[in-house]
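Student: Could you show me how to read a protein structure feature by feature, with the general idea first and then the case in hand?

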Amino acid sequence: MTARIVFALIAAFCPLVTYAQEKPTAAEIVDRAQAAFYSPGADMKARVVMDLINADGKKRTRVLSMLRKNLPGGREQRYFLYFHEPGDVRRTAFLVWKYPEKDDDRWIFIPAVNMTRRIAARDSRSSFVGSDFSYEDISGRDLAADSHTVLREEKLGDSACYVVQSTPKAAADFTRKLSWIDKLSWLPLKEEYYNAQNQLARVFTADKVQAISAGGKAYPTVVKRTMKNVQSGHRTEVVFESASYDVGIPPDIFTERSLQQAPEKWIR
Amino acid sequence: MRLPAALAVLAILWPGNLGAEEKNRLPVTIHGFLMGNASVRTTGERPPMGEGGAFVLGEERLRLDVSGATKSGTGSLQIKGDIFHDAVANRVDGDLREAYAGYRGGRVDLRLGRQIVTWGVGDLFFINDVFPKDWESFFSGRPMEYLKRGVDAVRLQYSSEALNVDVVATPFFAADALPSPKRFFLYNPFAGAEQRENSPPTRAENTEVALRLYRRMAGFDVSFYGYRGFWRMPGADMDPYKGAPRITRFYPRLVTWGASAQHNLLNGVVSFEGGRYNSLDDRGGSAPGVPNSQWRVLAAYQRQLARELTATFQGYVEVMEGYDSYRQFLPAGFRAEDRVRGVFSVRLTQFLGYQNWRLAAFVACSPTDNDSFVQPEVSHRFSDRISATLGANIFTGKYETTFFGQMAKNDNVYLSVRFDF
């Protein structure tokens, strides 16, 4: 008798429960995608190679070390970026303290004159070091800045994906964005950015995803990605030559001291 | 003498001289650039002295940059030196830009040797950055990095969340490099007189000490500064009433203190800086050859106006103390400076074409001095290695005694081409 009631209860609630698990809201999907893409692990260290390739195939290369640390509790993050190449920006470093609801604090170190400066951080749409990625693409866009809807579910290659449309609430670089978000890893595998004329302007693709393990956990990571400007034919390919998580970067690495004297141990 | 020493160090450290094993153990990197700089005066006037041709600047430079650090980062080494051929004077010379050894342990960084130190929040307005500048380089169109000169110093830094301390002690005095009368028209009230120059001798009590204390306070980057040393622009010892035939230029004693703060505000960055210049050799303001004490204040605002377009606005004010006394003791025939000197500036920077093009303009004008300075500049990166910059320095002024006004005959157009390796 009791067993029957339990069964009935399970039968009654199960569809609801599975519905809740399988059908997250669009905002939840984007939230999880951002977490998987921008803030896996407690911290991360990577050597990044960026190739800027124009329509004629002419290539320029930027090589940098990137350190990231998530602050406990909230969504605050700290970034330290150090340029190895090309020569005219060698030893230039950026320090970013990223906050979820207000402008970042950003500092730059210019090695030619040994100068550390705070820089204006409103330029989230500006190109990151001349690439097809904007500052926003590099460090993430506020979840609440767009309205999100799930358009459909479909396979992209072998991966089952949610296709989410994000529409900016205020004027932005794009009028809508379609994201293919992998149901397993929650990583965005493809994004299409449309301009005011509703033409496809930029396409992001996750070209290679690799699970990087740290302390018994595995973090799926986009180790190769491309952002292509469809209209100009210019594209930027980014490869994470080495990426490791939960390496224990001390918080004091993310201070002015590191700008002036780069922390050798963490950028090699 | 210094340059050959640097070259010897280079030769020893050159990776080619090391076995494969050592190469792995000594992480030394060698980089640098080849650069050609040329600058032509456009006013058609020629200064009367030796090097006063059409070219203000004509040179080829080889930069070698050697840096290394131990794996842990405890020890480090940095040498930056230029060998250049000055085509205007037809001579070859060296310029040791930086050469220091560094130690890092716990919260402490120590640097010993020649190093470039830059403090303060101003863009070309210096209040608490009391370190030597090379204005000749800047006004003749060399890249910005040559505006700063290294100091031979010991620098000790202590870092913590509560307080950061930065102390620079310099036993060897280095003056600002002012535009040379050989190549520039300049205001010189003592043009006919015999001139000598006395630099502060290297003695323990003449060691310059500069201090910066800084931390974050309520979202602001706050710094406090202090300095004890010398003015870097010379004063003049003279006796105008006797019509003394000899002028001795010297560097009067100076103590400064001040503060700066920066914060994100109004969708941009707002900066303030202030400082007091205490001219110890002219406390009452009665020595006409020594600058009076001053207050200097700066307010600046930087923001992004459009995509890839950044603007910086600055307002800068200098207030002379003991002005009545200055007027009273100013020798006849000299134009009196105003009590207050104010300068406004705007810098616009626009990047185009994936940041391969950079258009910039710096405009400074002083309503009190009635003079101005404009520097438009276009830079292009042809590749990751090759870049070029074309720019101009344009001066106007009502009087030939003011900072920019005296340069009015020195308008020039400059071109710089650089190959990085």
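**Strands, cores and a chain contact**

Tutor: This is a predicted model, and we can begin with one pair of residues in it: D237(B) has T248(B) in β12(B) as its bridge partner.

Student: How many bridges join β11(B) to strand β12 of chain B, and do these strands run parallel or antiparallel?

Tutor: There are 3 bridges between β11(B) and β12 (residues 246-250) of chain B, and the two strands run antiparallel.

Student: In which order do the strands of the open sheet lie?

Tutor: The order is β8-β12-β11 in chain B, an open sheet of 3 strands with mixed pairing. Its edge strands, β8 (194-198) and β11 (235-237) of chain B, each pair on one side only, and neighbouring strands are turned by 30 degrees against each other on average, direction ignored.

Student: What should I look for when I turn to a nonpolar core?

Tutor: In soluble globular proteins, nonpolar side chains tend to be buried together. Here the largest nonpolar core has 19 residues, of which F125(B), L298(B), F395(B) and M407(B) touch the most other members. At least two residues of this core come from each of β15 (294-306), β18 (357-366) and β20 (386-397) of chain B.

Student: Which residues does M407(B) touch?

Tutor: Leaving aside residues up to four places away in sequence, M407(B) touches F139(B), F184(B) and F395(B). A second, separate core of 17 residues has F83(A), V96(A), F254(A) and I267(A) among its members.

Student: How many residues of chain A are in contact with chain B?

Tutor: In chain A 31 residues are in contact with 36 residues of chain B, and the chain A side divides into 10 nonpolar, 9 polar and 12 charged residues.

Terms used:
Residues are numbered from 1 along each chain as its sequence is written. Chains are lettered from A and ligands numbered from 1 in the order in which they are written. This is a predicted model: local features need pLDDT of at least 70, side-chain atom pairs count only at pLDDT 80 or more; totals for chains, interfaces and linings use all residues. Two residues are in contact if their C-beta atoms, placed from the backbone, lie within 7 Å. Ala, Val, Leu, Ile, Met, Phe, Trp, Tyr, Cys and Pro count as nonpolar, Asp, Glu, Lys and Arg as charged, and the others, Gly among them, as polar. Two strands pair if DSSP finds at least two bridges between them. Helices (H or I, at least four residues) and strands (E, at least two) are DSSP runs, numbered from the N terminus. Axes are lines fitted to C-alpha atoms, for helices over the stretch in contact, and angles run from 0 to 180 degrees between N-to-C directions. A nonpolar core is a set of buried Ala, Val, Leu, Ile, Met, Phe, Trp, Tyr and Cys residues joined through C-beta atoms within 7 Å. A residue is buried if 20 or more other C-beta atoms lie within 10 Å of its own, exposed if 12 or fewer, and partly exposed in between; C-beta atoms are placed from the backbone.
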